[in-house]
Amino acid sequence: MKKKDFILIGVIVALALILLICVKFTQKEGACVEVKIDGTKVATYPLNVNATYTLNGGTNILTIEDGYAYLSEADCPDHLCVKQGKISKTGQVITCLPNKLTVTVYGGEPKDVDIIS
Amino acid sequence: MKTSKMTFLGLFTAVAMILSFVETLLPPLTTALPGIKMGLPNIAIMFILYRIGWKEASVVSIVRVILVSLLFGSVMSMAYSLGGAILSLLIMTLMQKLTSFNRVSISVVGGVCHNIGQILVAWAVTSTAQIVYYLPVLLISGCAAGILVGLAAGMLEKRVPKIKF
């Protein structure tokens, strides 16, 4: 290991920490979650209404509880989306890569609720 | 291609596959974030990259990703892994050829690029830009994993006898 190797690794870690701090400081409490499947927006749900929604024809079940959103059930093999836990702040996202599904928190006033799925 | 070289590459493809499998047995550091991995298969890939060359390392890496995805994953997981593997190999090759960085640095950058590649594919597939919020934590975990993998690859290279093809 030479000096420049330490510098390189140090720069990557420093960059990551700066990004992490930026993300933490720009996050606010979210107002609604947007569900995207295969890149297409399919639904928006308010975070202040406790409810359970069936997504993508039943592959994933989204639960909203006390301002937090989480996927409570999924049919994918690894269940990584369920394990990602609860989200509530703007920009936070739960991804279910096998089903090409994402749940993203958005801020501001809850937009008009359109339930298509 | 000589038979001895073909056997050697086949052997290391198998080693990379076994390392992928061993990795799935390790308990996850955190379940809140997908994608944090040791990157153990990269030990075999880096060994081939240093001992034989980038073309052979690319072949072993891509064959490994395809076989492991077919065995333990899905078609989608193949797309994410390929995105990571190709970007990681490209950058590692360029660094090895053009710079004098240590193999630990190259392994770190390879690990980080693997994460970046996967995120780019996931971004393209889901068109959710917020996925990049995963990146800072993945950069740090990629550094830690890359250091260990780089050291392991170095030890392996010292211990495996050189073979002429």
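Predicted model: local features only at pLDDT ≥ 70, side-chain atom pairs only at ≥ 80, totals over all residues.
Helix 1 of chain B and helix 2 of chain B lie roughly antiparallel to each other, because their axes cross at an angle above the 145 degrees from which that description applies.

**Helix 1 and helix 2 of chain B**

- The axes of helix 1 (residues 3-25) and helix 2 (residues 41-51) of chain B come within 7 Å and cross at roughly 155°.
- On the side of helix 1 of chain B the contact involves Phe8(B), Leu9(B), Phe12(B), Val15(B), Ala16(B), Leu19(B), Ser20(B) and Glu23(B), while helix 2 of chain B contributes Pro41(B), Ile43(B), Ala44(B), Ile45(B), Phe47(B) and Ile48(B).
- By residue class, this contact of helix 1 with helix 2 of chain B comprises twelve nonpolar residues, one polar and one charged.

**Helix 3 and helix 4 of chain B**

- Helix 3 (residues 54-72) and helix 4 (residues 75-98) of chain B pack at an angle of about 165°, and their axes are 10 Å apart.
- Helix 3 of chain B and helix 4 of chain B are therefore roughly antiparallel to each other, and the crossing between helix 3 and helix 4 of chain B is right-handed.
- Residues of helix 3 of chain B that meet helix 4 of chain B include Trp54(B), Ile62(B), Val65(B) and Leu70(B), and among their counterparts in helix 4 of chain B are Met78(B), Leu82(B), Ile86(B) and Lys97(B).
- The residues of this contact of helix 3 with helix 4 of chain B divide into eleven nonpolar, six polar and one charged.

**A helix pair across the two chains**

- Helix 1 (residues 3-26) of chain A and helix 5 (residues 103-126) of chain B have axes that come within 9 Å and cross at roughly 20°, which makes helix 1 of chain A roughly parallel to helix 5 of chain B.
- The crossing of helix 1 of chain A and helix 5 of chain B is left-handed, with Asp5(A), Leu8(A), Ile9(A) and Ile12(A) in contact with Val104(B), Ser105(B), Val108(B), Val109(B) and Val112(B).
- Seven nonpolar residues, one polar and one charged make up this contact of helix 1 of chain A with helix 5 of chain B.

**The interface as a whole**

- In total, 29 residues of chain B are in contact with 29 residues of chain A, and the two chains bury about 2700 Å² between them, 71% of it on carbon and sulfur atoms.
- Gln130(B), Tyr133(B) and Pro136(B) supply 18% of the area that chain B buries against chain A, more than any other three residues.

Key
Residues numbered from 1 in each chain as written. Chains lettered and ligands numbered in written order. Heavy atoms only, no water. Axes fitted to C-alpha atoms, helices over the stretch in contact; angles between N-to-C directions. Helix = DSSP H or I, 4+ residues; strand = E, 2+ residues; numbered from the N terminus. Parallel < 35°, antiparallel > 145°, perpendicular 65-115°, else oblique. Left-handed = near helix turned anticlockwise from the far one by under 90°. Contact = heavy atoms within 4.5 Å. Nonpolar A, V, L, I, M, F, W, Y, C, P; charged D, E, K, R; others polar. Buried area = accessible area lost by both parts, 1.4 Å probe.
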